Amino acid sequence: MTLIDETSTIPAGGPTLPQERRLVTELPGPRSAAILARKADAVAAGVGHTVPVAAVAAGGGVVVDADGNSLIDLGSGIAVTTVGNAHPAVAQAIAAQAAQLTHTCFMISPYESYVAVAEALNRITPGDFAKKSALFNSGAEAVENAVKIARKHTGRQAVVAFDHGYHGRTNLTMALTAKSMPYKSGFGPFAPEVYRVPGSYPFRDGLTGPEAAKRAITLVEKQIGADNLAAVIIEPIQGEGGFIVPADGFLNTVVDWCRAHGVVFIADEVQTGFARTGAMFASETFGIEPDLITTAKGIAGGMPLAAVTGRAEIMDSAHAGGLGGTYGGNPVACAAALAAIDAFENEGMVERAQQVGAILVERLTALKEKDPRVGDVRGHGAMIAAEFVDPETGEPDAALTAAVAKAAIAQGVIVLTCGTFGNVIRFLPPLAIGDDLLREGLDVVADALAGA
Ligand SMILES: *Cc1c(COP(=O)(O)O)cnc(C)c1O
């Protein structure tokens, strides 16, 4: 079946796409509108969308839609296409692998690419100790498995997660996730033995890192008891919760406490991983060595793949057959991951994330200085956010945030919002974006703010 007519008019994706913002229709144009109308009829209403276009090609810093509009991409499909959409080496690896072998099930007959991805992850994740990895399909599945492994290793059941945390949409990860709407509301009951404590949100709680850690640890000791606790799970920089960077010393204090009490410390780096924050992993930025790290999103340049990587003695605690899944570590996804990891390491992606971050911070800080509605600019590397507030009260301004995002999208710039209070615009551009295009995208956001 041909999906849309005149397929010959669709440009090839990847970095050869013209790197420009170009609107030839209002959004959505007629072709996108027709596809979105079919979506409304055919796809469950619970699967929403942010940008009202049907994408046909993407690469560098742009996404092209079915009508020929070219949008600046400041979201990377939620931090996934960090190496660039349709990155040539990734696309080539996928094509070659797909022509060779698409599936055997690694639990039936293993293959080398899965092993090579595990070796690469063991090598590039923080911590100079023996590590092992297991591969899965999604971030949520990686988180579920990290908790399974921690429970088996410790013989304990309780898990601590944090205010503003996001870990996925499956049952256990809904329990770990803080925000009710839209992630949890109406979908309970949730998995038991999950406890939530406050973390560190310097802009709103005004606590130092050690103070915030003490507050959390006291609650854990009094209300759960270290002897009952299998794991603490936290995103080093909280993603969906609002790009919240913890105060200095918070994570280190929590890690030290975990180590002293035999609690497995899990860093959920599904969003922060793979050069995104200007380091290969955000944990490095804070000087922590997690016992287990969950990864997904940026890992394979757009293919579905996820992993748990960590201390070999913890990873090996689960019995054979206790971990896995039909598709986990699919060979096509593994081939893509090997190409993507090669790009992260050998195409200067960590440095590029720092450069992209410097442009974002400079522009957004200038905006904050002249517009008090921008309450905070924060993040690391190419994971930067602006939090919007009512200048009088400091209260979150979700309506303003939504209006700015909507106006920017209408002008051909893909931006994403986030935050427990819905008042954060997050910037996660692909690292393949050019400086000029990035600056143009930020200008459009600034204009959208001025007009809101
Ligand atoms: C996106 C995300 C997840 C869930 O990943 P999926 O692939 O959507 O299941 C888990 N943790 C964090 C920190 C995330 O950003």
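In the predicted model, the N-terminal end of helix 12 (residues 331-346) is capped by Asn330, with a side-chain oxygen 2.8 Å from the backbone nitrogen of Val332. A polar contact is taken as a pair of N or O atoms within 3.5 Å, where within protein one atom must be able to donate a hydrogen and the other to accept it, and residues adjacent in sequence count only if both atoms are side-chain atoms. Residue numbers start from 1 along each chain as its sequence is written, and side-chain values use heavy atoms, with hydrogens and water left out. Because the model is predicted, local features need pLDDT of at least 70 and side-chain atom pairs count only at pLDDT 80 or more, whereas totals for chains, interfaces and linings use all residues.

Helices (H or I, at least four residues) and strands (E, at least two) are DSSP runs numbered from the N terminus. Helix 12 has 16 residues and spans 22 Å from its first C-alpha to its last, close to the expected 22 Å at 1.5 Å a residue; the expected span is 1.5 Å times one less than the number of residues. Of the 16 residues, 12 are buried, so helix 12 is largely enclosed by the rest of the structure. Buried denotes under 20% relative accessible area, exposed over 50% and partly exposed in between, for a 1.4 Å probe and protein chains only. The buried positions include Pro331, Cys334, Ile341 and Phe344. The buried residues of the helix pack against helix 3 (88-100), helix 4 (112-124), strand 4 (131-136) and helix 13 (349-370), contact meaning heavy atoms within 4.5 Å. Gly348, with a positive phi near 65 degrees, follows helix 12.

Ser113 is found in helix 4 and is buried, at a relative accessible area of 15%. Not counting residues up to four places away in sequence, Ser113 touches Pro331, Cys334 and Leu338.

Five of the five residues of strand 5 (residues 158-162) are buried, so this strand is also largely enclosed by the rest of the structure. In a regular strand, side chains alternate between the two faces of the sheet. Ala158, Val160 and Phe162 are buried on one side of strand 5, and Val159 and Ala161 on the other. Strands pair if DSSP finds at least two bridges between them. Strand 5 runs parallel to strand 7 (residues 229-234), with three bridges joining them, and Val160 has Val232 as its bridge partner there. Four bridges join strand 5 to strand 6 (residues 194-197), also parallel; in strand 6, Val160 is partnered by Tyr195. The chain passes from strand 5 through helix 6 (residues 171-176) to strand 6 in a right-handed β-α-β crossover, meaning that, with the strands pointing away from the viewer, the path from the first strand over the helix to the second runs clockwise.
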